[in-house]
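Visitor: I would like to learn how to read a helix and its surroundings, and then the charged pairs. Where do we start?

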Amino acid sequence: MDKLLEVSGLKTWFHTDQDIVKAVDDISFDLFRGETLGIVGESGSGKSVTALSIMGLITQPPGEIMGGAIKLRTGEDEYLDLIPLSAKKMVALRGNRLGMVFQEPMSSLNPVFRCGHQVQEAILIHRPQEKSSAKKLVLELFDKVHLPDPERIYRAYPHQLSGGQKQRVMIAMALSCQPDILIADEPTTALDVTVQKTILNLMSDLKKQFSGSIIFITHDLGVIAEIADRVLVMHKGKIVEQGSVEDIFLRPQHSYTKGLLACRPPLDFRLKRLPVVSDFLNRDQSDENIEDVAQKQLSLKISSEEHEKRLQTLASNPLLLKVTDLSVWFPGKKDFWGNIQSHIKAVDEVSFELRKGETLGLVGESGCGKTTLGRAILRLQAARSGRVEYEGQNILELSNKEMKALRKEMQIIFQDPFAALNPRLMIGNALMEPIAIHHPGENSKRCKEKAIELLETVGLETDHFYRYPHQFSGGQRQRICIARALAVNPRFIVCDESVSALDVSVQAQILNLLMDLRENHQLTYIFISHDLSVVKLMSDRILVMDQGKIVESGPADDIYKNPKDPYTKKLIAAIPKNIFEK
């Protein structure tokens, strides 16, 4: 095979005041023409640092490539080591021979320039030509990446596009000079499953058209099964396993790989809780095979009889929430004088009921109205019309003072835990604040004791009380947000995409925590997500939303096994499946 890239003994370290972080520690691999190489692992495993090292984007200090070689093929048997190259020479290679699609397109695109201009600029740098011909090439690229109305996208600013459209602009930019190697760093994380499916299909098609190779980085083995030919599994800066997709999924050798496989929610049965990576890392791996992954899940399986008994019990529980014809509209087009000409119906006459102890899944693509509905129920978003009855009381008619008293009953866990926490407040103070507001009689000592109890409840440590949000990982921050939601002893919680951007291993831990808390504290959830496999695991019933309306509802298992609406069928078809699930 035609080898395009050879990485040998690569070491990329970061020097801090306290220690040296060996982000990439002596790894070696090859990339061949026409193949897609998947690199999978949790956050902090070294995946992205490997990509940045290849692209020459390691900032020194604190980062430094301490050893090894990164050789790019330049001729029949000629290779160029990229590590010693000057910044000027690397600029000439980036975009021309090496392209990269970053995880967050909004931070990768310049917000003050139009999208077409940014892609055109990349072309003019590496392939000098007339601006008119460069524009024509940009429009052709936008068409190839299936962007609707390329002329409009060309003139649009990044904030005017959806997440999936921005990602496609980034792919067009990376492919604009037909690089030999395209590095895609978590390009589908936090995207809807349908948009994710489109991006994966698009990248596979483009690889054939441009005869290049792809390094695809992700934490999700289900995505890897969809797109990769060969897989590297990274853990703590090292490659712990590599092989074909079939070998990795059907014959995994390393305990860490088995843990990643096992912690994905299964699609064909229910679990009491998800296995986690530590379940496998703490075992002797000498006699393990793929059956250990399946057996671990099967040992936690909920029988259909057990699940049916739960549904019957829930059906007899009293009603907690009743939503009737709830509508939330936003201003649409305005005329020259600023008068509103039309409205966007984010939530359009939605009705449903929720019983005590039940988990109601709310699923759909971005923009379907899920989050707006959740916020409107909690009166964090003004409703245009309808009723939201909590234990028979229409909360839309309550005064602000009355709503404040009810707020301790109803809480929300937001999607982005970093944005939801005050960066200037220590975690302990962030947890004590709602306790002090809703229980003014509590003294500071008791508030502190309660905050420490909450930290321990969500699996954190006492000394975390004195740390700031930036000192925690994403999964730990999400646990803190869960602890804060629990601080006022609520009975009803809206979980708004609370695991969508987490590693599958951390996601499994958070989902287990939410299930444990539901049982221990008799909580009722509305669980919002675009990922139907996660919603199916968590939910007793599911509502499917599209364009502000409920298009299908029913027991979670029935919705998955026998979807009736074409939109629901599309969502289910887009769920990435492991090889042994296909």
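Guide: Start with what covers a helix. Contact here means heavy atoms within 4.5 Å, and helices (H or I, at least four residues) and strands (E, at least two) are DSSP runs, numbered from the N terminus. In this structure, the cover over the buried residues of α5 includes α4 (115–126), α6 (150–155), α7 (163–175) and α8 (193–210).

Visitor: What are the conditions on these values?

Guide: This is a predicted model, in which local features need pLDDT of at least 70 and side-chain atom pairs count only at pLDDT 80 or more, while totals for chains, interfaces and linings use all residues. Residues are numbered from 1 along each chain as its sequence is written, and side-chain values use heavy atoms, with hydrogens and water left out.

Visitor: How many residues does helix α5 have, and what does it span?

Guide: The expected span of a helix is 1.5 Å times one less than its number of residues. Helix α5 (residues 131–144) has 14 residues and reaches 20 Å between its first and last C-alpha, close to the expected 20 Å. Just after α5, His 146 has a positive phi of about 60°.

Visitor: Which residues of α5 are buried?

Guide: Buried means under 20% relative accessible area, exposed over 50%, and partly exposed in between (1.4 Å probe, protein chains only). In α5 the buried residues are Ala 134, Val 138, Leu 139, Leu 141 and Phe 142. They lie on the same side of α5 because they cover an arc of only 160° around the axis, the arc being that of the directions from the helix axis to the C-beta atoms. Ser 132, Lys 136 and Asp 143 are exposed on the other side of α5.

Visitor: Now the charged pairs. How many salt bridges are there?

Guide: A salt bridge is a side-chain nitrogen of Lys or Arg within 4 Å of a carboxyl oxygen of Asp or Glu. By this rule there are 28 salt bridges. One of them joins Lys 570 to Glu 365, with the closest N and O atoms 3.7 Å apart. This pair links distant parts of the chain, 205 residues apart: Lys 570 is in helix α24 (residues 566–573), and Glu 365 is in the loop between β15 and α15 (370–377).

Visitor: Are Lys 570 and Glu 365 buried or partly exposed?

Guide: Lys 570 is partly exposed at 43% relative accessibility, whereas Glu 365 is buried at 16%. Elsewhere, salt bridges that share partners join Arg 310, Arg 518, Glu 519 and Asp 540 into one network.
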